[in-house]
Amino acid sequence: MNEGVQTRVLVVDDDPAIARALRINLTAQGYHVTLAGDGRSALRAAADRHPDVVVLDLGLPDLDGAEVIAGIRGWSPVPIIVLSARTDSGEKVAALDAGADDYVTKPFGMDELLARLRAAVRRAGAAAPIGEPVLQLGEMTVDLQAKRVHRGGAEVHLTPTEWGILEMLAGHRGTLVGQRELLRQVWGPQYEERTNYLRVYLAQLRRKLEPDPAHPRYLITEAGMGYRLDV
């Protein structure tokens, strides 16, 4: 770590003894530690504190750890290290597929965790800055943490697929997202050629979100290439 600059770590674990031990050890190494004991608290802390790295237990009392990963990934590229007693390879794959960067199995050695944490922070050093969890686009507000959209003060109800598209574009706002990438992320790899799906769903999103759907201001089509959320 750079002298005088503390790396912010969000530790998410519902076991008070483990959380306390992590806070003591990480603080002794010069990290600034925030604790969260459940998934909802973790999502709020991630949005409020903008940590540099998240250490996350999968077995939380309110949300599954994969849900927390997906919630954070909707707006932030922050490194996420999963810390879990689950040894099943399927659980590990699911966590990594949801967006985790690394997986450490309990019980663990503190030296190993610190090494993994340092590596995650280094890898993230060249990444884009963390995004904002709430986007303001004219009279439209997109809350990526709460997964809600308001337009003119009224909530706009989106289907899960519509939200998936908007979330993907918001996560790459201002840049082109290719058709195949959108299809793969929202529908799955077997749908990469179904570009007609995108035309239908983008038209629905524009009707719900754009002031003038026929002349979109925010949801922009790059013909034959993909889509972009202009901000």
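Biologist: Which residue stands opposite Gln136 in strand 7?

Modeller: Thr141 does. The model is predicted, with local features requiring pLDDT of at least 70 and side-chain atom pairs pLDDT 80 or more, while totals for chains, interfaces and linings use all residues. Residues are numbered from 1 along each chain as its sequence is written, and side-chain values use heavy atoms, without hydrogens and water.

Biologist: How do you know that strand 6 and strand 7 pair?

Modeller: Strands (DSSP runs of E, at least two residues, numbered from the N terminus) pair if DSSP finds at least two bridges between them. Strand 6 (residues 134-137) and strand 7 have four bridges and are antiparallel, so they meet that rule. Their hairpin has two residues between the strands, and Gly138 takes a positive phi near 60° there.

Biologist: What makes strand 7 and strand 8 a pair?

Modeller: Four bridges join strand 7 to strand 8 (residues 148-151), again in the antiparallel sense. Arg151 in strand 8 is the bridge partner of Met140. The hairpin of strand 7 and strand 8 has four residues between the strands, and Lys147 has a positive phi near 60°.

Biologist: Which residues form the covered face of strand 7, and which the uncovered one?

Modeller: Met140 and Val142 are on the covered face of strand 7 (residues 140-143), and Thr141 and Asp143 on the uncovered one.

Biologist: Why is the contact of Lys106 with Asp13 called a salt bridge?

Modeller: The term needs a side-chain nitrogen of Lys or Arg within 4 Å of a carboxyl oxygen of Asp or Glu. The closest N and O atoms of Lys106 and Asp13 are 3.0 Å apart, so the pair counts. The two are 93 residues apart: Lys106 lies in the loop between strand 5 (102-105) and helix 5 (110-124), Asp13 in the loop between strand 1 (8-12) and helix 1 (16-28). By this rule there are 15 salt bridges.

Biologist: Are Lys106 and Asp13 buried or exposed?

Modeller: Buried means under 20% relative accessible area, exposed over 50%, and partly exposed in between (1.4 Å probe, protein chains only). Lys106 has 17%, so Lys106 is buried. Asp13 has 5% and is buried.

Biologist: What makes Glu167 and Lys147 a salt bridge?

Modeller: Their side chains meet at 2.9 Å, N to O. Glu167 is in helix 6 (residues 160-171) and Lys147 in the loop between strand 7 and strand 8, 20 residues apart. Glu167 is buried because its relative accessible area is 18%. Lys147, at 39%, counts as partly exposed.

Biologist: How do you know that Glu222 and Arg228 form a salt bridge?

Modeller: The N to O distance between their side chains is 2.3 Å. Glu222 is partly exposed at 27%, whereas Arg228 is buried at 17%. Elsewhere, salt bridges that share partners join Asp13, Asp57 and Lys106 into one network.

Biologist: Why are helix 6 and helix 7 called oblique?

Modeller: Helices are DSSP runs of H or I, at least four residues. Axes are lines fitted to C-alpha atoms over the stretch in contact, with angles from 0 to 180 degrees between N-to-C directions. Under 35 degrees is roughly parallel, over 145 roughly antiparallel, 65 to 115 roughly perpendicular, and the rest oblique. The axes of helix 6 and helix 7 (residues 179-186) come within 10 Å and cross at roughly 130°, so the two helices are oblique to each other.

Biologist: Which residues make the contact between helix 6 and helix 7?

Modeller: With contact meaning heavy atoms within 4.5 Å, helix 6 contributes Thr161, Gly164, Ile165, Met168 and Leu169, and helix 7 contributes Glu181, Leu182, Gln185 and Val186.
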